[in-house]
Amino acid sequence: MSRKSAHENLLDVQMLDSALHWLYTLWLFTKSDVGTFVVPNTLFGIFGALSGLLLTATSSRPAPYLILSRLPHLVAFNWLNLLIFDIANQRLPAAIAEDSLNKPWRPLPEKRITPAEAETLLLRTIPLVLLASYGLGLGPESALLVALTWMYNDLGGGDKDCWARNGIIALAFAVYNAGSLKLAAGEGAIISLGGFEWIAMISAVILTTMHVQDLKDQAGDQRRGRRTVPLVLGDAVARWTVVLAMAVWAVLGPFFWQMELSGFLLVGGGAAIVAVSILRGKDAKADRTSWKLWAAWTATLYALPLLKSLT
């Protein structure tokens, strides 16, 4: 066996550096959304499947270890489809201008990648993600997410009307959550009527509170000309609409599952923490904290079916 030459070793190092560069670039596209999007959606699927037959119709209750063993598949489904959305969103000229103010570390404003390269990357990523999702049994869900991504970004659905923006995001959450639940429950699992009702309720939560994410991005959104709730209705009104909607859902969520007092305290207590953070927010940094707390609060809602199954 001959040893590699210095030139071959150099090529290996260069290939490794290039691969790491692109992997890190892909991570940067999704970095700001993993904790607030991939993690909660994954938890929705895991908690829902662990709740047994409350959300799905199967021949038997899946063993917890089998559900947890599917965790990498759930993360892959959510992250890969998120990657398509983020590349599609961040490649647009208006988005680059916005990110130069709000998120200058992203690949395009940092000039790790050019807009033309991002578009080529998107063209290559979409079929690969569709194939991967098909392999996971979620091909139709992934195709629908691509369509919603097109509506949100290329048709301006995320810019022209604040409630259309929230509506598209709410529909996307329904698809992600349904896909996560089916994947976690395993092959042959069917989402029950109660499962679809719960998914619909969660999407209603998203529709009425999702503009919490826009509080932190007002400077960039204004520069972009995006019509978000804080810019259309005003900062104070936007904050109160989120807080009041969360108060309603903190009651309706546990009531849907006929929870005991502990369920109301869990969701209501979380909502109160988020509300204080939102109403005391004075700058983008504080609003980013509120956004993260809101995402954690949604996870308390997602846990309700599991808690109900344990009582």
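Biologist: How does Ser100 count at 35% relative accessibility?

Modeller: In this predicted model, Ser100 has a relative accessibility of 35%. Buried means under 20% and exposed means over 50%, with partly exposed in between. Because 35% falls in that middle range, Ser100 counts as partly exposed.

Biologist: Which residues does Ser100 touch, leaving out those up to four places away in sequence?

Modeller: Ser100 sits in helix H4, which covers residues 93-102. With residues up to four places away in sequence set aside, its contacts are Pro109 and Arg223.

Biologist: How far apart in space are the C-alpha atoms of Ser100 and Phe37?

Modeller: Along the sequence, Ser100 and Phe37 are separated by 63 residues. In space, the distance from C-alpha to C-alpha is 22 Å.

Biologist: What span should helix H8 have at 1.5 Å a residue?

Modeller: Helix H8 takes in residues 193-209, which is 17 residues. The expected span is 1.5 Å times one less than the number of residues.

Biologist: Which residues of H3 are buried?

Modeller: Helix H3 runs over residues 71-90 and reaches 28 Å from its first C-alpha to its last, close to the expected 28 Å. Its buried residues are Leu74, Phe77, Asn78, Asn81, Leu82, Leu83, Ile84, Asp86, Ile87, Ala88, Asn89 and Gln90.

Biologist: What radius of gyration does the protein chain have?

Modeller: The protein chain contains 14 helices and 2 strands. For 311 residues, a compact globule would have a radius of gyration near 19 Å. The value for the protein chain agrees with this, at 21 Å.

Biologist: What share of the contacts with a separation of 6 or more joins residues 24 or more positions apart?

Modeller: Buried residues make up 49% of the 311 residues in the protein chain. Of the contacts with a separation of 6 or more, the share from residues 24 or more positions apart is 78%.

Conventions:
Residues are numbered from 1 along each chain as its sequence is written. This is a predicted model: local features need pLDDT of at least 70, side-chain atom pairs count only at pLDDT 80 or more; totals for chains, interfaces and linings use all residues. Side-chain values use heavy atoms; hydrogens and water are left out. Helices (H or I, at least four residues) and strands (E, at least two) are DSSP runs, numbered from the N terminus. The radius of gyration is taken over C-alpha atoms; the globule rule is 2.2 Å times the number of residues to the power 0.38. Buried means under 20% relative accessible area, exposed over 50%, partly exposed in between (1.4 Å probe, protein chains only). Contact means heavy atoms within 4.5 Å.
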